[in-house]
Amino acid sequence: MNTPWRKDGILDNSVVSKLLPPEELRNSKAYALLECVENIPCDPCTRACPFKAITMEHITDLPQINWDRCTGCALCVMACPGLAIFIIDETTDPAKVTVPYEMLPLPEVGEEVKLLSRRGEVIGKGKVLKLKVSKNKTYAVTVEVPRERVHDVRAIRCIK
Amino acid sequence: MVEEYDVVIVGSGPAGLAAAEVLGGEVSVCVLDEQPYAGGQLIKQTHKFFGSKEHFAGWRGIDIAEYLIGEVKRRGVELKQQHRVLGYYAEEDLVVAEDENGKLHEIRGKKYLFATGAMENMFVFENNDLPGIFGAGAAQTLMNMYGVKPGTRVVMLGAGNIGLIVSYQMLQAGIDVAMILDASPTIGGYHVHAAKVVRAGVPIRTRYTVKRAIGEDKLEAVEIVKLDENWSPIDGTEEIVEADLLCISIGLSPVIELFAQAGCRIEYVPFLGGYVPVHNKFMKTTNEKIFVAGDASGIEEASTAMVEGKIAALAMLGDLKNVDIEDRIMHEFESLAKLRTGFFGRRPKEGKIQMEKLASKYGL
Ligand SMILES: Cc1cc2nc3c(=O)[nH]c(=O)nc-3n(C[C@H](O)[C@H](O)[C@H](O)COP(=O)(O)OP(=O)(O)OC[C@H]3O[C@@H](n4cnc5c(N)ncnc54)[C@H](O)[C@@H]3O)c2cc1C
Ligand code: SF4
Ligand code: SF4
């Protein structure tokens with residue numbers, strides 16, 4: 001297995017591009033993106049999805065997603081203990097990215113936050129559009145993201 | 001006066017509690033733990049766990065502990081906190097435990113389960129006794145159990161799952177994580193745990209280590225250095241990183257003193273984390289009264305610790321009462337086999353295979 005991310009913890013574009021759905025689908029609706037690339041013993045994503053879009057035969061298999069079933073509801077984002085699932089919506093301009101969030105302070109809807117890349121670099125600012133929380137206390141925060149940055153933004157930081 | 005139970009369990013971590021849950025209501029059980037709270041490592045785990053539903057995946061460690069403690073109490077199991085077990089005495093066939101007032105208690109079981117967990121390995125470098133240098137687990141205890149911030153800016157040594165998770169929890173506690181270092185060429189922990197801290201702005205530097213700690217009477221900075229392919233420091237690559245906290249997370253070793261003292265055979269199995277009591281697949285040691293489960297039998301995870309606890313409990317139940325445990329124990333064996341697949345399961349799997357061979361050598 002070629003695992004360049006095991007040097008610095010960063011998935012580069014060559015890896016991420018293989019995780020993306022076909023372009024046609026990306027242009028038609030919001031979708032869940034699973035940045036989960038190792039055979040770890042884990043499966044809560046498969047149980048979280050009410051539409052059975054995510055499946056896995058064996059606990060250490062990689063999760064498989066059937067995007068035709070995915071509604072972008074973000075329940076899996078809040079369930080995943082790896083914080084490895086994001087909802088991408090590139091049908092709008094600006095685009096939207098939903099990230100898992102477990103830090104303080106909590107942003108409020110309408111507030112501007114910093115947008116961070118997979119490397120943790122601040123690559124801009126965006127407005128918080130939505131905030132959801134699960135009973136296990138992980139938030140799913142939807143932010144506005146410039147379209148050309150939709151495949152780079154993977155975290156947020158509050159400015160306040 | 002000697003207190004008598006069918007089963008005496010030492011250690012109320014996931015292994016001990018899972019065993020007590022199986023045994024409670026069937027036989028009389030007492031669980032002894034030196035800590036003021038039951039739950040072992042679980043109670044400081046504020047992150048969500050892996051595994052599958054059966055192993056509480058997606059639950060936070062602390063919530064798993066709370067659930068198990070409730071179940072165990074409901075089944076009439078006696079939980080004794082602040083009872084440190086000093087030893088097992090074969091002649092009298094009992095353990096001696098010291099309570100928080102220094103009072104000694106003699107406790108006898110028909111069977112014993114020692115689920116004593118693991119302790120953190122220390123690392124040798126110049127000035128490693130300066131205040132501000134902690135094991136990652138100790139720093140985690142301060143933060144998550146006592147609500148105390150152990151510092152304001154940390155260097156973490158070790159990019160295994162524990163180093164990564166504790167770094168993430170430090171970010172949550174508002175501690176600035178300067179960097180995570182690891183001497184190996186690759187990150188040892190899961191990518192998803194690494195990705196969480198990296199996208200929060202924490203660099204992970206592989207092939208780096210700590211050369212020395214700097215400070216008068218407490219840690220002020222850490223000197224780090226790059227390593228070459230042979231793990232030797234490269235001259236001229238030293239850097240000084242300001243930090244008032246240095247956490248070491250370079251591995252765990254099974255806590256085996258009780259087994260050694262009780263005369264159980266001990267063997268060195270690197271894939272299991274070092275010296276471990278010899279045990280068969282039913283978790284029985286070379287002393288037929290004494291069983292082992294969890295990290296004490298080989299460093300793994302809470303999920304496998306719970307399954308091993310259940311296996312030991314079922315095996316003890318089979319020995320103590322005339323009940324058919326076969327189907328239930330087969331189910332747990334399958335569960336373990338599933339958890340030990342994949343890239344990250346290969347080490348414990350290989351270690352347990354070696355252990356089975358050792359066990360048969362000792363006639364187990
Ligand atoms: C930071 C961190 C993150 C982790 N994350 C995960 C995860 O996401 N998923 C997962 O599955 N696992 C995880 N683990 C691993 C998991 O916590 C351990 O594998 C598990 O707790 C081992 O269980 P145990 O019951 O064997 O031992 P422990 O939980 O260590 O419990 C042992 C208990 O025995 C007691 N004890 C020891 N000696 C004596 C004595 N002589 N007398 C009385 N009491 C004694 C101790 O006080 C302790 O309470 C993590 C561990 C750490 C440190
Ligand atoms: S976003 Fe909703 S529908 Fe899509 S995979 Fe996740 S849980 Fe299922
Ligand atoms: S829950 Fe998250 S980390 Fe676990 S398998 Fe699913 S996507 Fe991967």
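Modeller: Helices (H or I, at least four residues) and strands (E, at least two) are DSSP runs, numbered from the N terminus. This is a predicted model, in which local features need pLDDT of at least 70 and side-chain atom pairs count only at pLDDT 80 or more, while totals for chains, interfaces and linings use all residues. Residues are numbered from 1 along each chain as its sequence is written, chains are lettered from A and ligands numbered from 1 in the order in which they are written, and side-chain values use heavy atoms, with hydrogens and water left out.

Colleague: What radius of gyration does chain A have?

Modeller: The radius of gyration is taken over C-alpha atoms, and the globule rule is 2.2 Å times the number of residues to the power 0.38. Chain A has 15 Å, which agrees with the value near 15 Å for a compact globule of 160 residues. Chain B holds 9 helices and 19 strands, and because its radius of 21 Å is close to the 21 Å that the rule gives for 364 residues, chain B is as compact as a globular protein of that length. Along its principal axes, the C-alpha trace of chain B spans about 70 × 45 × 35 Å.

Colleague: Is R340(B) buried or exposed?

Modeller: Buried means under 20% relative accessible area, exposed over 50%, and partly exposed in between (1.4 Å probe, protein chains only). R340(B), in the loop between α8 (326-339) and α9 (346-361) of chain B, is buried, with a relative accessible area of 9%. Y146(B), placed in helix α3 (residues 136-146) of chain B, is partly exposed at 47%. Over whole chains, buried residues make up 54% of the 160 residues in chain A and 56% of the 364 residues in chain B.

Colleague: How many residues surround ligand 2?

Modeller: A residue is near a molecule if one of its heavy atoms lies within 4 Å of it. For ligand 2 there are 14 such residues, and the closest are C49(A), C70(A), C73(A), A74(A) and C76(A). Ala, Val, Leu, Ile, Met, Phe, Trp, Tyr, Cys and Pro count as nonpolar, Asp, Glu, Lys and Arg as charged, and the others, Gly among them, as polar. By that division, the shell around ligand 2 has 12 nonpolar residues, 2 polar and no charged.
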